[in-house]
Structure formats: structure tokens, C-alpha cells
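Dear colleague,

I am passing the structure below on to you, and would be glad if you kept it open while reading the notes that follow it.

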Amino acid sequence: MTALLTRPRIGGAPDAYRAYSAHNYWQIPQVERLSEEQRFAIDVVAKVLPFKTNNYVVDQLIDWDAVPDDPIFILNFPQADMLDPADFDAVARLLRAGAPSSQVDEVVDRIRHSLNPHPAGQLEHNVPTLEGVRLQGIQHKYPETVLFFPSNGQTCHAYCTFCFRWPQFVGMDGMKFAMREAELLVAYLREHPEASNVLFTGGDPLVMRTDRLALYIDALIEAKLPNLTTIRIGSKAMSYWPYRFLGEEGEELLALFRRVTDAGLHLALMAHINHPAELSTAAAREALERIRETGAQVRAQSPLMKNINDSSDAWAEMWAEEVRLGAIPYYMFVARDTGAKHYFEVPLVRAWEIFQDAYKRVPGLARTVRGPSMSAGPGKVCVLGPAQVGNERVLALNFLQGRNPDWVGRPFFAQYDEQATWLDELRPAFGEEKFFFEDELAGMFAQP
Ligand SMILES: *Cc1c(COP(=O)(O)O)cnc(C)c1O
Ligand code: SF4
């Protein structure tokens, strides 16, 4: 089971970080292999969806012989089919005609707003207040876990083409979650003794310089909050720029990690790993080892994406390799209802088949993973799978996280539906009008 891990590599470790975006990607030597049409498609789609990659991804992870089908290529380079054909044509026509950028921006803005930039009520329902002030850099949906979006961490080492954090990157007006003050985070946690976990997220908080990140994390350590047990950092650095943890630059970050674990807090690096190839380089493996030496735990999670990792082989290999290298498989997510969803979406039943076929093949130590899970308005809903109950074919579901914690762990049932790709497309089974949580949820959303 190593086929997917093999990558032809170009050169050794890069001597410096080099970013590529819509403005300079033609400088990538391998891009010469793309046709003119392919390059134009990148130009068009990159106007709407964020595009940024780097020399490590280009030289060490992408298999250019397999382009355009290579999953790591698709993960990083915009693809024509990610836009609705009418939207694609609208932008393409303007670019071909050399239209002024103000005109292009107007069309691009309209398309972006049509792509559901804030799914699952992120903006309306999860932003808490402290003494009457809305804390834009914090989201608090599940009692025990507070999400923190440090303002310096709202970008990424390289952008995934599916990234649902894109409103942060593309600077849509008034849509950017950002917060500078670590003190506000500490004050909020003091007021919320139920919150034992803080999850630093973004973007990618490890894009931030270590001394900046340390401002936030040291403030948490020094506050000695009695309720705080765990700091998590969600990051793709191990996959996209493992040198963040290596050499001199890495030492400073690892020292920060050690301060967290020395303070008696659990530190978890939530590694975003979408494909087994990302674990195949010497640099990624060494990074994982260095992180674990600090006492931090590495947990791995990823969405299931058509054209990237929609095969049970990819997942079985990924989970087995994670366990072998010392990372704990954590979540398989269902692609969210945002951005280029149609390009990546996998129906729920198909997602379950892929999950089950991979899950049954890996040892118990890899079955720490949960999914396929939808991060939806009411909570994280896991597809347990199809079942026959009496005369009815149903889809069994279960809350892994709920806006009301009491919903968690209570199996419930939807009508079997092979096409549905998200919770809101499912209907309750057994002739019920509503799912058991719907009235309560409506009540919660009605509150100011
Ligand atoms: C997934 C998620 C969390 C963390 O949930 P765990 O089950 O504790 O990993 C917290 N907040 C939001 C909004 C999430 O989607
Ligand atoms: S690694 Fe995460 S934050 Fe970065 S682009 Fe991909 S999904 Fe977005």
C-alpha cells in the first residue's frame, strides 16, 4: 500500500520559501507543460478563488507527469470546472477583452457573494460577546471549545482550492474575522469556565511569525486559567511547508510548543492532511517527529473531496501512514456548502462507502477517526450509514457535536437518499415532519 506515496521529486530541500500566485505562477518551470488553455483557465478562476502555492509543493509534492489529474495539483491550482460555466465565461470574456480591473472586480465580487462564503451560520450565530461587545475573532459554538482567529494568521502557506476560509484571504469587505487582543481571549475564557479547549485557527496560524503567535499563547499560559486544559493549533504547515518546524526557524516554534506542555497543558497540532502524498517527504516526517518530541500530540483531519481524495485507497493509506508516523486520525469531513462545492462534493452515501471501505481495512489504532461528518448549522453530524428499519430504507445519523450538547450521541434517521450531499437535503424518515432537533434549533437562532 505505497503506490500513492511515491512522488517524483525535483531537487532536495528548498533553500528559501518561494510563493507563487496568479501574478507569477508562470515562473514555475513545470507550468510550461500546461497548455495555453489550461493557463488561461487558471487566470480566470484565480480571479474568484484564492490561489497561492510554493516551491515545496510544486517540486516535492505534485507529480507533474500526472498533471492535470494529479490530486496535489488540483489541490493547489485553480481548475476551470470549479466555476459555474456562466461565471467562468463572464470573467473569461472580460479578461480576453482586456476590461478595466474595476469592471472585472465587480463581476468577481458578485460571483464570490453567490458562493455562500459563510456556511453554517458562522457569522450570525457563533460570534460571542463580552460585556456587550461582539468579539469578531472568536467563535463559540460548542461549550467546551472556543475557536480563536488571530488576526495575523488569516492567510496560509499555500491555498487549497477548496478552502472555505477564503473570505478571510480575499478581503471581502466587512467579512474578515480578526482580533488583535490576546487579553480579550483571556478575558472571554475567564468568563466561560465551560471552555476547556482553545483552537487557534484561520487561515493558518502557523503562517504567523513565532514571536507573534507567542504573544497569544504565552498570554494563555501566563493567565493560568483553571478551566483551560488544551490548546489546539489547526495548521497545514506540516504538509505545505514542513520547514516551519525544522532548522533555526523551527527551534523557536518548538520551544513555544514546549512551554505549553511544560505548563501542564495538552497541545494538539491539528494537521490538515488531504492526501497520503503529503506524508511522503523526509521533511514532513521529520517535522512530525520534532513536534511530537515537544510532548505535543498530532491529530490529522481532512475533508473528503472529489478529484482529490475520493477513493478508499487514499484514506486507508493515509490513516495507516498517519498511525505509523505517530499522528492520530481524527476527522473525515464532508465538503462544505461553500466555494466550488459542486466540483468537490461527494454524495453522503458515497462518502460513507468510501469511509467504511477504508475503515474496515485499517487496524483498530487508526479507527480513532470519525466521519464522514458535516459541520452544519446544528452541529457536526456524522453519517453512520444506510440501514433497513422495517419496510423503510434509511440513513442513520449521529451528532458528534451539537449546538445543544444533549443532542450528541443520539442516533437519528433520514430517508435514504443517494443524491443528497448535505444535511439540509435530507428528509426525516418514518413519515416525521421534522428532525428531533429542528424546533429547538429554530428557537436558538431566533434569539438575538
Ligand atoms: C469542529 C469544531 C470544533 C471542535 O470540535 P471537536 O469535536 O472538539 O473537535 C469547535 N468549533 C467548531 C465551530 C467546529 O466546527
Ligand atoms: S490549508 Fe487550510 S487554511 Fe490553508 S488553504 Fe487549505 S484549507 Fe485553507
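**Backbone geometry, sheet and packing**

P68 is found in the loop that runs between α2 (55-61) and α3 (71-76), and the peptide bond leading from V67 to P68 is cis, with omega near 10°. Please bear in mind throughout that this is a predicted model. A cis peptide bond also links G371 to P372, here with omega near -10°, and P372 belongs to strand β12 (residues 370-376).

Two residues deserve a look for their phi values. Most residues other than glycine have a negative phi, and most peptide bonds are trans. E131, although not a glycine, has a positive phi of about 50°; E131 sits in the loop between β3 (129-130) and β4 (133-134) and is exposed, since its relative accessible area is 73%, where the cut-off for exposed is over 50%. F430 is likewise a residue other than glycine with a positive phi, near 60°, and its place is in the loop between β15 and α16 (438-446), where F430 counts as partly exposed at 39% relative accessibility.

As for the sheet, it is open and mixed in its pairing, with 11 strands in the order β5-β6-β7-β8-β9-β10-β11-β12-β13-β14-β15. The edges are held by β5 (138-142) and β15 (412-415), each of which has a single partner strand, so that one side of each is left without a neighbour in the sheet. On average, and with direction ignored, neighbouring strands are turned by 30° against each other. Within this sheet, strands β8 (residues 230-235) and β9 (residues 266-272) run parallel and are joined by six bridges, with S235 standing opposite A271 in β9.

Helix α11 (residues 247-262) packs on the sheet, where it touches β8 and β9 and its direction makes about 135° with that of β9. Helix α12 lies across β9, β10 (297-304) and β11 (327-334), and runs at about 135° to β10.

Helix α12 (residues 282-293) also packs against helix α13 (residues 312-325), at an angle of about 50° and with the axes 10 Å apart, which makes α12 oblique to α13. R285, L288 and R292 of α12 meet E321, R324 and L325 of α13 in this contact, whose residues divide into two nonpolar, no polar and four charged.

Finally, the residues around ligand 2 are C156, A158, Y159, C160, F162, C163, R165, G203, K236 and H272, a shell that divides into six nonpolar, two polar and two charged residues.

Definitions and conventions: Residues are numbered from 1 along each chain as its sequence is written. Chains are lettered from A and ligands numbered from 1 in the order in which they are written. This is a predicted model: local features need pLDDT of at least 70, side-chain atom pairs count only at pLDDT 80 or more; totals for chains, interfaces and linings use all residues. Side-chain values use heavy atoms; hydrogens and water are left out. Axes are lines fitted to C-alpha atoms, for helices over the stretch in contact, and angles run from 0 to 180 degrees between N-to-C directions. Helices (H or I, at least four residues) and strands (E, at least two) are DSSP runs, numbered from the N terminus. Angles under 35 degrees count as roughly parallel, over 145 as roughly antiparallel, 65 to 115 as roughly perpendicular and the rest as oblique. Contact means heavy atoms within 4.5 Å. Ala, Val, Leu, Ile, Met, Phe, Trp, Tyr, Cys and Pro count as nonpolar, Asp, Glu, Lys and Arg as charged, and the others, Gly among them, as polar. A residue is near a molecule or strand if one of its heavy atoms lies within 4 Å of it. Two strands pair if DSSP finds at least two bridges between them. Buried means under 20% relative accessible area, exposed over 50%, partly exposed in between (1.4 Å probe, protein chains only).
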